[in-house]
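Work through the exercises below with the model at hand, and try each task before reading its solution.

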Amino acid sequence: MTQHNRVTAVILQARLDSTRLPGKALLELEGKPVIVWAMESLRAVPADRWVLACDEASFDRLEPFARGSGFECVKGPKEDVLARFCLAIEKTGAATVVRATGDNPFVFADATTESLRRFASLRDSETPCDYFTLTGLPHGAGVEVFDAGRLVEACRLTDSPYDHEHVGPALYAHRERFSCVFEAAPPQWRLERARVTIDTQEDFERACFIARCLRSLGAAFPYSGEEVIRAWKYAEEPILAVAANGPGTGHRSRVRDIAAALSREYRVLEAGWDAKRETLVVAASDSSVCGAALPADSALPERAALVIADPFRSSVSLMRRLAEIGPVVTIDDGGAGRDLADFVLDVLPGSGDGASPANETDPAFLPLPDNRRTNASVTLASALVVAGGDDGASLAYPVARELSSLVPSVTVIDPSCAAERREGTLRVIGPVRNLRERLAEYDLVVTHYGFTAFESLAAGCRVLLFSPTRYHYGLARKAGFAAVPPGKHGARFLSGALSGAIRPDRSPAGITPGTGRRDLHAELSRLASGMRVACPLCGSTERRRTLARAADRTVVSCASCGMSYLRFHLPRGASYVESYFFDEYRAQYGKTYLEDFPAIKARGLERMRQIERVWRAGKGLNAARSPSVFDVGCAYGPFLEAARESGWSACGTDICAEAVEHVRDVLGIPAVRAGFPSLDAAEVPPPGRFDAVTLWFVLEHFERLDAVFRKISSLLNTGGVFAFSTPSEGGISARRNRRSFHKNGPLDHYTIWDPRTVRKQLALHGFVVRRIVSTGHHPERFPFCSRVRPGSLSWKVLELASRVLALGDTFEVYALRASAGGRGKGAGEQGAIGGGE
């Protein structure tokens, strides 16, 4: 790690007299003290020196463990931890310091290595950086990286007890003197809600469980951040699998199979839904791959990573109850609660019975048999009659008796049969283990609508369905099966229906002997990584209606404020680094961002005219002074250059280091690399408060908007302009096919704005809209106009109509700050590191 005599030192702070959990550093996890876990993890970090900095009272007990783990030991003042760090810096001659704390046994060695790399990269690019940390990590997983010389300087300058106790604030609480970078962690390490530090007895018990999980899951030490997160989720966020109690053993069997398969990766709790009593009953046991000593669960968990419901026909009350626990995936749900699910998965065609569309529909998720006929039989010499695992309507035997007069050999499965018996040509048998693999032995399978019907098609059998209820009959007909209605099970009706018994090679249900299989358990595991959010604008969880469902998202409209937003979505892969502005931008627009710079700047000049008009109208005669604008998400600065040419003082911020460097060094415009709204007041370039704050195609990327609007208000002078652009839900593309518009939008667009509702929505946060401009006009997107030539008369007429009717696919909003907003809260600086010892 040493470069040009620059020593990197990892300094781990610890003491033994913690008030909340005394001696926690020496508590044992799986036979090894907590502090040894931390030291062994940090030894995997590429550094030159490793130092344990403890207080004098703890030195004698901790020093042997430090020596055994390859750490030097330095002792210093108990309360003045900053002084301890300075002593360690003096002893090691370190130029770069990594700060970690002894109560974090699961510190991410890989994220620590990446933090060091990013710190060095910033220093090598001559970007000022005295302090660096990754944000969004689990609490107790992260570290801080310091410039050692600047930390020693900060120690001399501050007399704050808080700075001296917590070290990092000596730098980031004084950003007028020190350059601090808070960078969002990569998605694989980001889980802010998780807690892996040890500060209380509850924390320690959680850590014990996580340690056992890591060992049992076969993870190799030092554990990766992803492995620790996986173990934390296993401990803290189980999966709840809910099946209907009542008729239909197929649903219960499927839930048992799901629980067994997922328990290899997750802690799975099973529950039954009693529709008559509208109650949930949790199974007495809890699947546990880790062998952890947990008490049997007798109540529903407070929180689950995912709730998998296979309720047959859900109620609204069931879905509301499950939604309190976690994101809900419902399977083959034909009930009234279906639309309230966060994700709807239809395996059996027609399950929705005319209800809202599913996120995914694919019969290949069925556990289809391996044994399959290669050719469908021409004659019907043998038949199997089965009515599920319990034959709740007692129909299998009567149907088989009638069928035996029509087919030479008939076998019926009677759940109550203890021993096989013969009644003429009719054979009566008991339940068959793994029945799906025996189906291919029969020319014809007669059953009701359900799993066996589709498995029989895959096995190569002909299929005829009888109907316990009108509901079953409707599903069967909708899926294209030959079926007899309820009460019509005599030989005459069966004979008439046999001629229409579906041949598997002509199946309208999409299942044939050639159908492949998809792994339902893998799909549910994928969905367990999804996120469900409340309305980003107002925080309500009540939906007005579901707008669109796709395999990676569910889009709803908020019942409270009307905002359309991503209610449920899978992790996105977007990353706004340098490649986005070149490779990805070119792939989408045919040119790089810098090649498009003149066109974006031209649009920026028009935007500045709108801002100037609104601002001067609001300021009146007081608008004589030189105004200023702050651009959030400034990218490579085309709008900032347009603002400067318009006579405004301009500055901006972006999370892409290369973009900020271009703005500063090439354009000569002040810019800072920082996240928003976590941007601290000390990081904001002069004048600190502005006459306009702009976000061009940025606002839709925020998962929570309350903090965003507070920060914008804090940056604006009274009467200042808030301007932004965003895709339009009122545009021609959305109006032409709203479902397609929402299904195909970018996964990192968490809100979808509409010019028809934006005034009321911004008023919730203290802004008064003065002007809305419809932009992004596309005549070729009008119905039946895809071949209209640009520049033709038809094109011009359609473009005029689009402008007059505000049908552009994007729009711009210019609003005034109506009232003073409080300053936004700064970054939660110590969230991932932990401030204790």
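**Exercise 1.** Determine in which hand H3 passes H5, and which residues meet there.

Solution. H3 passes H5 in a left-handed crossing, a term used when the near helix is turned anticlockwise from the far one by less than a right angle. The axes of H3 (residues 81-92) and H5 (residues 148-157) come within 10 Å and cross at roughly 140°, the axes being lines fitted to C-alpha atoms over the stretch in contact, with angles from 0 to 180 degrees between N-to-C directions. The two helices are therefore oblique to each other, since angles under 35 degrees count as roughly parallel, over 145 as roughly antiparallel, 65 to 115 as roughly perpendicular and the rest as oblique. With contact meaning heavy atoms within 4.5 Å, Leu82, Phe85, Cys86 and Ile89 of H3 meet Ala148, Leu151, Val152 and Cys155 of H5.

The model is predicted, with local features needing pLDDT of at least 70 and side-chain atom pairs counting only at pLDDT 80 or more, while totals for chains, interfaces and linings use all residues. Residues are numbered from 1 along each chain as its sequence is written, and side-chain values use heavy atoms, leaving out hydrogens and water.

Definitions and conventions
Helices (H or I, at least four residues) and strands (E, at least two) are DSSP runs, numbered from the N terminus.
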